[in-house]
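Me: I have a structure open and want to check the terms used to describe it. Please set each label against its definition.

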Amino acid sequence: MAHLLIVDDETAIRELIAEIANDEGYTTALAGDIRQARIQIERQQPDVIVLDMHLPDGNGMEFWQSLDLPGTQVVFMTGHSSVDSAIEALRCGAADYLLKPVSLRRLRTTLDQLKSSAPAPAAGSDDAFAKMIGTSRGMQLLCTYIQKVAPTQATVLLVGESGTGKELAAEAIHLISPRHDKPFMPINCGAISPNLIESELFGHEKGSFTGADRQHKGYFERARGGTVFLDEITEMSMELQVRLLRVLESGRFMRVGTHEEIEADVRIVAATNRNPDEAVANGVLREDLYHRLSVFPLELPPLRERDGDVVLLAEHFLALLNEEHNTRKRFAPEAIEAVQAYSWPGNIRELRNYVYRSYILNDELIKSDANFFGLGEYAPSRDSDVMVAVGASLADANRQLILATLKQCGGVKKTAAKMLGISLKTLYNRLEEYGAVDDDAQEPSSIR
Ligand SMILES: Nc1ncnc2c1ncn2[C@@H]1O[C@H](COP(=O)(O)OP(=O)(O)OP(=O)(O)O)[C@@H](O)[C@H]1O
Ligand SMILES: [Mg+2]
C-alpha cells in the first residue's frame, strides 16, 4: 500500500486530504509543520508527500530540496500562485502543483496516478514526463490519458498541429509502457521515398528487387518488442495504407520478396498534423486504417490554448540554455508579456526557436526585441486591430480576437478558423462557450 505524508498547517485541510487519500487506498501520516514532517519521514518514508509551500517554520519547497528521498514524489500546494513558484515546483521535480482551494477531483486524480506509479515505478517514467513541461488543464489531461493508455497495447493516434509535441508524447507513451526497455522507432512516413517505404517498414529478402543485394530487416523487425511511431501517416500511399492495415489486423507481416510471415511484436503509435476526418474526406487517409489506428485518439492542444504554459515553457527553454552555457540570462517583464500575447502558430517548436534566437541576440536581460513580430503576416492590419488591455486575461483576449476575426470574415466560420489557425471544431466550441453560435444553414450541423 502506498504511504502518503500530508504537510499543511491547517488541520481541516490535512484531514480532508487524508480522507480522500484513504479512499484512494493510501496509508497516511499528518504533519502541521516541517519539524513534525521530519519526524514522520524518520518513522516511515512516504511514497508521496503533499506539501504546503508556506509552513509556520519555513518554506515547503526549500524543505523538499533539503531532503534526499529517492522514490518519493512530491505534490506542492499553495494559496499564493505565481508563475515563478510553478516553475520552481517543476524544476524541483514536483509531480503536481495544486492551487488552494484544492480541487478535490484533481487531487483524487493525482493521488490515483501517483499510487499506481508508487510501488513499482516503470523505469524511465520520470524522464518521460520530465521533458513534458506544462501545467495547463490541456496538458494535465494529456498526461493523465498518456498514463492510462501507456501500459495497454492499444494503438494510439496523436492528432495535433505541427510542433505541439506529438513525438514527445509518443516517446512518453513508450517510456512508461512495459516495452520501455525495447526500441522506440520513430518513422516519418513523409520523409521516406515511396518506392522504398515498404521495404523500410517490413524489410526485404536478398534479390527481391534490383539493388537488394542482401537481406534487410525493416523497422517493424528491428523494433521487436518495442514501439513503432508512425509519424505523418497521411503521407503514406493508399497502397501502403492497405498493407499496413492488413499487418495491424493480422499482427503479422512479410519481408518484401517472401511469403514467410513474421509476428509483428510492436505497439503502434501514429500521428498526424491534419484533421483526420478531413484527411479521410480528401482521400489521403483510408477510413478503415483511420479507425484501426484511432483505438485511442489523443488530441494535443495548440500552445495558444494552453493557458500559462507559454511562460513556463519559455522559462524552461531559457533555463536549459543558461545551464548549457553557464549563463544567467533572464527575460524582462515586457518580453514575458510579448511572449504571452503572441499566438504561436508554430507551437512549442516555434517558441523554442524564438527563445534560442532571443538568447543569442541579448545579453543579461532579454528584452522584447520583437524578433518574432517581424513575421509580419501575424501583425494585424490597422483597421482590424483588437485592443486588449495589459492585464486582461488570456481567455478574454482569445474571446475578443475570435469574435473580431469572425466578424471580419463576414461570419464565415471556416475562413475565420483558418485565419485563427484553429480547427473548425475548436471555433465552434469557443463560440458555444461565448454563447455566440447561430444557426448557420451553410455550416455542417455536427462536427466531430
Ligand atoms: N510539453 C513540452 N514540454 C517541453 N518541450 C516540448 C513539449 N512539447 C514539445 N516540446 C518540444 O517542442 C519541439 C516540438 O515537439 P515535437 O517534435 O514532439 O512536435 P510534433 O507535434 O511532433 O511536430 P511536427 O508535427 O512538426 O512533427 C521539440 O523540441 C520538443 O522537445
Ligand atoms: Mg513530429
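Reply: Helices here are DSSP runs of H or I with at least four residues, numbered from the N terminus. Ala21 lies in one of them, helix H1 (residues 11-23). The model is predicted, and the protein has 19 helices and 16 strands.

Me: Why is Ala21 called buried?

Reply: A residue is buried if 20 or more other C-beta atoms lie within 10 Å of its own. Ala21 has 23 other C-beta atoms within 10 Å, so Ala21 is buried.

Me: What does Ala21 touch, not counting residues up to four places away in sequence?

Reply: Ala21 touches Leu4, Tyr26, Thr28 and Leu111. A contact requires C-beta atoms within 7 Å. Separately, the C-alpha atoms of Ala21 and Leu107 are separated by 8.9 Å, with the two residues 86 apart along the chain.

Me: What makes strand S13 largely enclosed by the rest of the structure?

Reply: Six of the six residues of S13 (residues 267-272) are buried, so the strand is largely enclosed. Arg267, Val269 and Ala271 point one way, and Ile268, Ala270 and Thr272 point the other way. In a regular strand the side chains alternate between the two faces of the sheet.

Me: How do you know that S13 pairs with other strands?

Reply: Pairing needs at least two bridges found by DSSP. S8 and S13 are joined by four bridges and run parallel, with Leu158 opposite Ala271. Strand S10 (residues 227-231) also pairs with S13 in the parallel sense, over four bridges; there Phe229 has Val269 as its bridge partner. Both cases meet the cut-off of at least two, so both count as pairs.

Me: What makes strand S3 mostly covered?

Reply: Five of the five residues of S3 (residues 48-52) are buried. Val48, Val50 and Asp52 point one way from the strand, while Ile49 and Leu51 point the other way. S3 is joined to strand S1 (residues 3-7) by four bridges, and the two run parallel; Leu4 stands opposite Val48. S3 also pairs with strand S6 (residues 73-78) over five bridges in the parallel sense, where Leu51 has Phe76 as its bridge partner.

Me: Is Glu232 buried or partly exposed, and how do you know?

Reply: Buried needs 20 or more C-beta neighbours and exposed needs 12 or fewer, with partly exposed in between. Glu232 has 18 inside 10 Å, so Glu232 counts as partly exposed. Glu232 sits in the loop between S10 and helix H11 (238-250).

Me: What makes the backbone of Glu232 worth a remark?

Reply: Most residues other than glycine have a negative phi, and most peptide bonds are trans. Glu232 is not a glycine, yet has a positive phi of about 55 degrees. Trp344 is another non-glycine residue with a positive phi, about 50 degrees. Trp344 is in the loop between helix H15 (333-341) and H16, and is buried, with 23 other C-beta atoms within 10 Å. As for peptide bonds, the one from Lys100 to Pro101 is cis, with omega near -5 degrees. Pro101 is in the loop between strand S7 (96-99) and helix H5 (104-117).

Me: Why is ligand 1 said to lie between domain 2 and domain 3?

Reply: Domain 2 (144-299) and domain 3 (303-375) both give residues to the shell around ligand 1, so the ligand lies between them. Of the 17 residues around ligand 1, those that come nearest are Ile133, Ser162, Gly165, Lys166 and Glu167. Helix H8 (166-175) and helix H16 (347-361) are the elements that give two or more residues to this shell. By class, the shell has five nonpolar, seven polar and five charged residues.

Definitions and conventions. Residues are numbered from 1 along each chain as its sequence is written. Chains are lettered from A and ligands numbered from 1 in the order in which they are written. This is a predicted model: local features need pLDDT of at least 70, side-chain atom pairs count only at pLDDT 80 or more; totals for chains, interfaces and linings use all residues. A residue is near a molecule or strand if its C-beta atom, placed from the backbone, lies within 6 Å of it. Ala, Val, Leu, Ile, Met, Phe, Trp, Tyr, Cys and Pro count as nonpolar, Asp, Glu, Lys and Arg as charged, and the others, Gly among them, as polar. Domain bounds come from an automatic or database domain assignment. Two residues are in contact if their C-beta atoms, placed from the backbone, lie within 7 Å.
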